[in-house]
Structure formats: C-alpha cells, structure tokens
Amino acid sequence: MKKLWLVLLLIAAFSAPAVAIETDWVEISPDASMRLIADNKVSPDGTTRFALEIKMPASVKTYWRIPGEGGLPLRLDITGSEGLEALQINWPFPLREKRYGLLAHVYYGDVVIPFTARVAPGTQTALVQAEVNVGICSDICIPA
C-alpha cells in the first residue's frame with residue numbers, strides 16, 4: 001500500500017485565485033504511477049476539489065469501485081486527513097468489458113478520478129492523507 005500526502009493550502013474562500021497543486025508521482029508498478037492533484041480554493045458551499053491521477057500505458061487497465069465479476073476494486077481511504085470531512089468520489093463512467101465470459105468495469109491508460117470534500121469549519125489549512133489500493137493489470141493483475 002502506498003500513502004500519498006498532499007497539503008492543501010486553504011485560504012479563506014474567495015481570497016485568492018485557485019492554483020493547482022500536486023504531489024510527486026509515486027510508482028505503483030512498472031510503467032504505472034499515481035499522484036494527487038488539487039486546487040487550493042474553498043467553494044462557497046465549503047467544499048474543495050482534488051483528484052487521483054493514474055498514469056498507465058494504453059494497454060494497461062485498472063478497475064472501477066465495483067470491478068464486476070473479476071479484478072480488484074479501487075479503494076481510497078482519507079481517514080488520516082486533517083480538516084476534511086464528507087468525501088464524495090465522482091467516479092468517471094468505466095468501460096464495460098467482457099473477457100473470458102466475465103464482465104468487468106475498467107479504465108484503460110491514463111485516468112483521473114475526481115473527489116470533493118467538505119472543509120471543516122474554521123479550517124485554514126487541510127492535510128490530505130490518502131491510502132490507495134488499486135489493481136494494475138495487463139496479462140496479470142498486480143495489487144498496488
């Protein structure tokens with residue numbers, strides 16, 4: 001399991017323009033890596049946005065939150081984060097793939113999975129600590 005850290009600089013809402021920030025790329029298997037990306041803005045409804053970006057070759061896949069009849073579901077845990085609550089994962093629609101008689105829900109190549117989270121009242125700076133479990137698959141699947 002890899003842990004990604006990202007400090008979100010959350011200045012009072014509307015006090016500064018949004019600027020994208022990101023972590024370094026973390027290698028999760030040969031030719032595959034991931035990072036967290038975020039803006040540093042709090043919306044009027046008290047939420048902020050960030051995303052998990054996965055970079056893979058076009059022939060390599062990972063699975064959706066419900067992998068189907070095979071595969072490893074993508075799991076994200078931010079319980080170690082500070083100043084954030086109410087995580088909402090905005091899953092991109094996966095490709096439905098049938099191989100060897102099994103239905104799977106997959107993403108091929110590069111994928112960005114966006115999230116929103118409510119910023120705890122009175123928070124000026126939040127820390128996102130994300131633990132991500134994912135399967136990276138070509139001929140075989142490697143849990144990462």
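This is a predicted model: local features need pLDDT of at least 70, side-chain atom pairs count only at pLDDT 80 or more; totals for chains, interfaces and linings use all residues.
Does K61 count as buried or exposed, and at what relative accessibility? At 9% relative accessibility, K61 counts as buried, where buried means under 20% relative accessible area, exposed over 50%, and partly exposed in between (1.4 Å probe, protein chains only). Residues are numbered from 1 along each chain as its sequence is written, and side-chain values use heavy atoms, with hydrogens and water left out.

The description may begin with strand β4, which spans residues 32–38. Helices (H or I, at least four residues) and strands (E, at least two) are DSSP runs, numbered from the N terminus. Strand β4 is mostly covered, since six of its seven residues are buried. Its partners are considered next; two strands pair if DSSP finds at least two bridges between them. Strand β2 (residues 21–22) runs antiparallel to β4 and is joined to β4 by two bridges. Within this pairing, I21 has A38 of β4 as its bridge partner. Strand β3 (residues 26–29) also pairs with β4 in the antiparallel sense, over three bridges, and here E27 has S33 of β4 as its bridge partner. The hairpin of β3 and β4 has two residues between the strands, and in this hairpin D31 takes a positive phi near 70°. Strand β5 (residues 47–55) pairs with β4 over six bridges, again in the antiparallel sense. In that pairing, I37 stands opposite A51 of β5.

Side chains provide further links. A salt bridge is a side-chain nitrogen of Lys or Arg within 4 Å of a carboxyl oxygen of Asp or Glu, and a search of the whole structure finds four of them. One of these joins the side chains of R35 and E53, at 2.8 Å from N to O. This pair links distant parts of the chain, for R35 lies in strand β4 and E53 in strand β5, 18 residues apart. R35 is buried, with a relative accessible area of 16%, and E53 also counts as buried, at 18% relative accessibility.

Another salt bridge joins the side chains of D39 and R49, at 2.9 Å from N to O. Here too the pair links distant parts of the chain: D39 is in the loop between β4 and β5, R49 is in strand β5, and they are 10 residues apart. D39 counts as buried because its relative accessibility is 10%, whereas R49 counts as exposed because its relative accessibility is 51%.

The residue of the opening question, K61, meets E97 in a salt bridge between their side chains, at 2.9 Å from N to O. E97 in strand β9 and K61 in strand β6 are 36 residues apart, and the pair links distant parts of the chain. E97 is buried, with a relative accessible area of 11%. Salt bridges that share partners join K61, E97 and R99 into one network.

On a 1 Å grid over the protein atoms alone, a cavity is a set of points where a 1.4 Å probe fits but cannot get out, and a pocket is an open set with protein on both sides within 12 Å along at least five of seven lines; lining residues have an atom within 4 Å of a point. The largest pocket is lined by 16 residues, of which K61, Y63, E97, R99 and Y100 lie nearest its centre. The elements that give two or more residues to this lining are β6 (61–68), β9 (95–99) and β10 (102–108). Of these, β10 gives the most, with three residues. The lining divides into eight nonpolar, three polar and five charged residues; Ala, Val, Leu, Ile, Met, Phe, Trp, Tyr, Cys and Pro count as nonpolar, Asp, Glu, Lys and Arg as charged, and the others, Gly among them, as polar.

The last feature is a link between cysteines. A disulfide is a covalent bond between the sulfur atoms of two cysteines. It is counted here as a pair of cysteine sulfur atoms within 2.5 Å, and by this rule the count comes to one disulfide. C137 and C141 form this disulfide, with their sulfur atoms 2.0 Å apart. The disulfide is right-handed because the torsion about the S-S bond of C137 and C141 is about 110°. C137 counts as buried, at 2% relative accessibility, whereas C141 counts as partly exposed, at 35% relative accessibility.
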